[in-house]
Amino acid sequence: MILLDLFLSKKKPTAHTAKKRLQIIINNQRNLFKEPDYFPQLKNDLLLVIARYIKIKPNTISIKLEKNSENMFILELNISKKNNVR
């Protein structure tokens, strides 16, 4: 019976488990990143500059700051086109 179990046993999905664990670690590392103190003011200034040139609702703009693995900051700005005009 034991011999039969060896041949019929299914392999454990170790690669899938390792991938999930790595994703958890990466997400935790991203969550440990703290925004600089000046970031709220930077967001506000960017919104004011954009509003000078484009008529938009403030809630349609998303601004994110991330730090990548090379310790470089990435500033991401997204403006939603949907229902954007005031």
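Predicted model: local features only at pLDDT ≥ 70, side-chain atom pairs only at ≥ 80, totals over all residues.

Trainee: Why is Lys-64 called partly exposed?
Mentor: The relative accessibility of Lys-64 is 42%. Partly exposed covers values between the buried limit, under 20%, and the exposed limit, over 50%, so Lys-64 counts as partly exposed.

Trainee: Why does Glu-35 count as partly exposed?
Mentor: Glu-35, found in the loop between α2 (14-32) and α3, has 38% relative accessibility and therefore counts as partly exposed.

Trainee: What makes β1 and β2 a pair of strands?
Mentor: Pairing requires at least two bridges; β1 (residues 61-67) and β2 (residues 73-79) have seven, in the antiparallel sense. Within β2, Glu-76 is the bridge partner of Lys-64. Five residues separate the strands of this hairpin, and Asn-71 takes a positive phi near 60° there.

Trainee: Which residues does Lys-64 contact, leaving aside neighbours within four places in sequence?
Mentor: Lys-64 is in contact with Phe-39, Ile-74, Leu-75 and Glu-76, where contact requires heavy atoms within 4.5 Å.

Trainee: Which residues make up the largest nonpolar core?
Mentor: That core has six residues: Phe-39, Ile-50, Ile-56, Ile-61, Ile-63 and Leu-65. Two or more of them come from each of α3 (39-53) and β1, and β1 gives the most, with three residues.

Methods:
Residues numbered from 1 in each chain as written. Heavy atoms only, no water. Helix = DSSP H or I, 4+ residues; strand = E, 2+ residues; numbered from the N terminus. Core = buried A, V, L, I, M, F, W, Y, C linked by side-chain atoms within 4.5 Å. Buried < 20%, exposed > 50% of the residue type's maximum accessible area, 1.4 Å probe, protein only.
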